[in-house]
Every structure is written in C-alpha cells, then in structure tokens.
Amino acid sequence: MSAMRAAVALLIAGAIMCCAQAQPASSLPSSGDDERRILVMVRIAPPHFRPEAGYGGGYDAQAGRAARRRIASELASKYGLVVESDWPMASLGVDCFLMRVQGEQPLDATLEALARDKRTAWAQPLNNFHTLSHNDPLFALQPAAAAWHLAEVHTLATGRNVSVAELDSGVELDHPDLAGQISVAENFVDQGPYPAEMHGTAVAGIIAARADNGIGIAGVAPGAHLMALRACWQVDATANCNSFTLAKALQFALARGATVINMSVTGPQDKLLNLLLDAALVQGVTVVGAVDPQTAGGGFPASHPGVIAVASENSDNAGAPAAAVAAPGRDVPTTLPQARWGFVDGSSFAAAHVSGLVALLQQISPSLGPEQMRSLLLMASSSERVGQYGGRRIDACAAIARATKACFCGCAAAATDKTVSQR
Amino acid sequence: MAQVSGSATVVSDYRVRGVTLSAGRPAAQLDVGYDDASGLYAGAFASSVQFYEHSEHQAQLTGYTGFAQRLRDGWSVDGGAAYTSFSGGEGYNYLELHTGVTHKDVSARLYFSPNYFGQNVQTLYAELNGSYPLAERFRLIGHAGALQLISGASDYNGGSHPHADLLGGVQASLHPFTLQLSRIAGDGAKRVYPVGSRHPSGVWAARLSFAF
C-alpha cells in the first residue's frame with residue numbers, strides 16, 4: 001500500500017504545481033480595445049480512443065484543453081500577444097482564443113505571421129457588428145421601419161447627395177429633426193416670410209428627417225438634401241396651391257437641379273404644369289405624385305404619364321392609375337410644426353415615402369432615369385392591387401435589391417460560404 | 001502541429017468493462033498522449049493493478065496508437081491498436097484492435113482481441129458511450145457495453161453468451177480537474193479476466209482526474 005500512497009501523494013503534488021501555471025482569465029471585451037484584439041484558432045484533436053475512459057463526450061472538449069492553452073500561451077509569447085479568453089468551437093473542431101495585440105506592432109503583420117504558424121488553424125481580426133435599428137425613439141412606430149426594412153436598407157443607401165424638391169406648404173426649417181436636412185427654402189406663395197406649416201413639415205420629415213439623432217423619427221432618405229419649395233398654403237388641415245405657385249416652384253426645382261420632385265397635391269389637368277412635368281421627365285428628373293383616393297384616374301399630376309403615382313396602401317381608392325404603386329399612408333409618425341411630432345394619414349404621405357425611396361435608389365444607381373425608376377418600382381411591387389382600385393404595394397427590399405443587383409433584406413441565398421482550412 | 005496532453009487520475013476502484021482490476025481498491029493512473037495534425041495519435045497509459053485480494057500490486061502499461069479523422073457534420077472516426085502488458089509477467093499481456101465513431105457527445109466503439117488478457121480467448125467488445133450537459137459544469141455520463149467471446153469460450157470462463165456492463169453517473173468539471181461519480185453494473189464477465197471473484201458488480205466508483 002505504501003507504493004499506492006506514494007503515487008497518490010505524487011499526483012496531488014503534481015496537481016498543485018501544475019495549477020500554479022496561470023490560467024487565462026475570462027474578461028468581457030471592452031469596446032475601446034477592440035481594434036487591437038484578434039482571434040486565434042487552435043485545432044481541437046478529433047475525439048478518439050483513450051484508455052482512461054472518462055466518457056465525457058466529444059463536445060465536452062475538456063480533453064486536450066490544457067494542451068491547447070499551452071499552445072496559445074506559446075503563441076502569445078512569440079507574437080507579443082496577451083491571451084484574454086477562449087472558447088472551444090466543438091462544431092468546427094477549433095478552440096478560439098481571444099488575444100490582444102500589445103504595443104504598436106501592426107495588426108496585419110501579426111495576423112499574417114500567425115497564419116503561417118503551423119500551430120494555428122487560422123487567425124482573424126475581431127470584427128465589430130451593430131444592430132440594425134435607428135436610435136430615433138419613434139422609429140419603431142414608423143410603418144416603413146418594418147414593412148420596408150428601413151434600418152437594413154439604410155446600411156446600403158441614405159440618399160446621400162440626392163436633391164429632393166418638395167412642392168408643398170411651408171416646412172419648419174428649424175425643426176430639430178430636420179436641422180441640416182434642408183438645402184433650399186423658397187416661398188412661391190407670397191412675398192412674406194417663409195412660414196412653418198403642417199403639411200409641408202410632415203412630408204419633409206417622412207422624406208428626410210435626421211436618423212440616429214436620438215429624437216423623433218428617421219426619414220426614408222436621411223442623407224438627402226431637401227429643397228423646401230412653398231407652393232401651397234395651409235388652410236386648416238388641407239393645404240391649397242394653384243397652377244402659378246406650383247409652376248414657379250417646379251421651374252425653380254428644374255433650374256436648381258433637383259433629382260426627385262415630390263408633389264403630394266392633386267387637382268385638375270393643367271396645361272402649364274403638364275408641359276413643365278414633361279420637361280422635368282425629359283431632363284431625367286423623377287416626379288412622384290399622390291393619388292387622389294376620391295377621383296377615378298387618381299387626379300393630376302398623379303395621372304400624368306411618366307409620373308410615379310402613389311396611393312396609400314391603407315385606404316380604398318376610387319380608381320388609382322393602372323400603374324400606381326402603394327406605400328404606407330396611415331398612422332405615420334412624422335415631424336410637425338413647433339418642434340413636435342404626430343401621426344398623419346393620407347396618400348400625400350405615401351407619396352413622401354416613395355420620394356424617399358427614389359432618393360435611395362438614385363444614390364445606388366445614379367443613372368436611373370424616371371422611366372427606369374418607374375419600371376423598377378413596379379417590378380418590385382406586388383402583382384395585386386390594394387383593394388379593387390388601389391396601387392401595388394412596394395417591396396422596398398426588392399427595389400433596393402434590383403438596383404444593387406444583390407440579394408438583400410434577409411435573402412437566404414446571401415449567406416456566404418466559409419470553409420475552415422485545416423492544416 | 002502536435003499537441004501533447006495527458007491526465008493523472010485517482011480512482012476508488014479501477015473497473016474495466018464492469019470488472020475490477022484493483023481488487024475493489026483505489027488505484028492511481030497516468031495517461032500521456034500525442035495528437036498530430038495529420039490525425040495520428042499515440043500514447044501510453046499506466047495504472048496500478050491488483051488482481052486478487054492478497055496478490056501483490058502490479059502495474060499495467062498500455063501503449064496505443066491510431067488514426068482519427070473529422071468528417072462532415074460533426075462526425076469523427078478513429079481506428080488503431082493498443083498493447084497492454086502487466087508487470088508481474090507476460091502471461092496476461094494482450095493486443096486489442098479498436099475502431100469507433102463519434103458524433104457530438106455520443107460514441108460507438110468496437111474492439112477485437114486475439115488473446116484477451118492472455119486467456120486464450122478471442123473477444124469482441126462493443127460499447128456505446130454518451131454524455132449530456134446539465135448545468136454549466138455538470139454532465140450526465142452513460143456507457144453500455146457487451147463482451148462476446150468468439151472462440152475459446154467454456155463454462156469455466158463465462159460461456160459464449162454476451163456479457164453486458166453498464167455505467168451511469170455524473171461528471172463535474174472545473175478545469176483542470178474532473179470528478180466523476182458513477183454506478184457500475186455487469187453480469188459476471190469477470191470470469192473471463194484473471195481476477196478474483198469477490199468483487200461483484202453493482203458498485204459506486206469515484207474518479208478524480210487532473211488534465212495537463
């Protein structure tokens with residue numbers, strides 16, 4: 001029995017000595033250091049026969065863990081790294097070590113050297129990811145947030161450098177959610193100062209409200225430049241305009257190089273505006289018009305050939321044009337005068353959504369002319385009309401996907417295939 | 001690149017396939033293994049043994065080698081051989097071939113020996129092992145095996161029917177230590193082994209292991 005006791009004593013002594021060896025501490029990565037962090041993979045030997053029969057199981061990955069940590073320590077000493085943590089990726093057969101690069105040595109050179117070292121399966125930078133959302137508190141209430149996957153869409157385009165002209169009532173130029181978004185403000189209604197009015201402010205917010213400023217909403221095209229052209233004046237809940245004010249504003253927009261023109265107004269056929277609209281289309285400007293739900297044919301300018309006619313997807317229509325599209329038009333949170341936000345309903349606001357979307361598409365594919373833009377939106381829309389006489393609901397993801405020629409917004413085929421190279 | 005790893009273990013009762021090789025008493029064990037990037041593995045295992053109540057303590061030394069390979073979808077296979085020798089003389093030395101397949105936490109293995117424990121019997125042993133994670137550091141472990149004498153069977157050494165053995169227990173890991181508590185049962189295959197018959201199966205066993 002004395003031999004037994006000696007063996008046990010030796011075991012315990014060995015255990016104590018070996019445990020004095022420092023184990024890597026688990027630490028939560030702090031985002032400040034992330035630029036200097038890398039991941040180093042050490043191969044986990046495949047499970048196999050061992051006489052001591054622990055029965056722990058292959059996914060336990062306990063067997064060989066000490067050996068892998070020794071290897072990680074050796075690698076750390078050799079390449080000037082500090083081991084911070086590790087986690088066995090049993091599904092891949094590698095143990096993943098989080099290490100921090102010390103001093104000023106360049107990350108790329110270190111990663112290259114690690115890749116060449118036979119002791120690693122591979123090494124890679126620690127990449128950062130962010131959730132797809134906006135910090136604007138009302139964002140979650142925006143119908144476009146979910147229906148149009150707006151946060152995801154904004155990773156591809158924001159309408160940067162695209163000029164959107166809004167022919168409407170006055171926009172509150174110093175609204176906190178519109179600060180910096182408005183490039184031009186002109187009053188074509190009267191000689192007085194440029195006022196802040198409800199309809200214009202609401203349309204402006206939907207198109208281009210600032211995103212991620214921690215307040216209010218996020219516009220569909222938060223990167224666009226808005227030309228706030230007052231061609232209408234507010235009378236209670238509606239705003240009125242006339243051929244002259246609209247024509248002046250339209251002419252101004254053309255002269256100033258607007259790429260997209262939003263006309264959330266409706267009225268009778270008008271020769272002057274018809275010709276100006278033709279001129280705009282010839283110049284390559286995309287015009288978006290709101291469909292009048294109470295007029296068969298959708299009213300003017302929505303029914304003008306070449307204009308993108310937008311109906312609300314949330315209400316019935318007397319007869320939208322055959323090629324009309326539909327966008328969110330009910331309970332839309334947006335900016336209102338006196339630095340407020342509120343909910344609005346109507347095809348005016350559905351049209352504003354589409355003007356924003358056109359700005360995004362224009363940023364992605366600047367060569368898209370108005371006719372191509374219209375076809376693209378129609379191809380990316382539902383084949384069914386909303387209700388009997390409505391527009392076709394736009395699938396913003398599909399539109400973006402067509403413009404970028406990439407699969408997008410949760411397409412399964414977009415998953416990239418990564419293979420682990422084992423040495 | 002090669003990885004060298006091992007473990008030092010103390011067991012309350014050294015049981016192999018349900019049969020005690022330490023006369024029901026504690027034993028000390030050491031295992032050192034080498035894993036090559038190519039999949040080749042080799043190692044040596046040593047344990048104290050005691051075949052009978054009053055026989056002297058001996059040492060078992062097993063040398064093993066083989067090849068292991070990861071397949072797709074979380075499967076791995078391995079195959080190799082192990083030669084076991086005992087310090088008291090060559091009479092009980094034996095060779096055993098093994099092969100196995102593992103998927104996540106379950107493995108199935110098959111063994112063949114042309115002269116098991118030098119007892120002039122050819123044996124086949126099949127086993128199924130598994131573990132299931134409980135809380136963070138705890139796992140349920142289980143094992144079922146069957147030993148079949150395929151030649152040399154007689155009434156004296158247990159006959160030609162399969163001898164089953166079972167193990168069920170719990171394992172706790174606090175790296176680098178692992179503690180296992182298990183219940184072991186078997187049906188008397190001990191007559192195949194050159195050991196005493198005073199230690200029936202149906203025992204509790206504890207195992208403390210230190211990994212390095």
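Q: How much of chain A is buried?
A: Of its 423 residues, 49% are buried. Buried means 20 or more other C-beta atoms, placed from the backbone, within 10 Å of the residue's own. This is a predicted model, where local features need pLDDT of at least 70, side-chain atom pairs count only at pLDDT 80 or more, and totals for chains, interfaces and linings use all residues. Residues are numbered from 1 along each chain as its sequence is written, and chains are lettered from A, with ligands numbered from 1, in the order in which they are written.
Q: And what share of chain B is buried?
A: In chain B it is 39% of 212 residues.
Q: How many helices and strands in chain A?
A: Chain A has 11 helices and 17 strands. These are DSSP runs: H or I of at least four residues for helices, E of at least two for strands.
Q: How many in chain B?
A: Chain B has 0 helices and 14 strands.
Q: Switching to contacts. What fraction in chain A joins residues at least 24 apart?
A: It is 68%, among contacts between residues at least 6 apart in sequence. A contact means C-beta atoms, placed from the backbone, within 7 Å.
Q: What is the figure for chain B?
A: For chain B, 48% of contacts with a separation of 6 or more link residues 24 or more positions apart.

Key: Buried ≥ 20, exposed ≤ 12 C-beta atoms within 10 Å, placed from the backbone. Contact = placed C-beta atoms within 7 Å.
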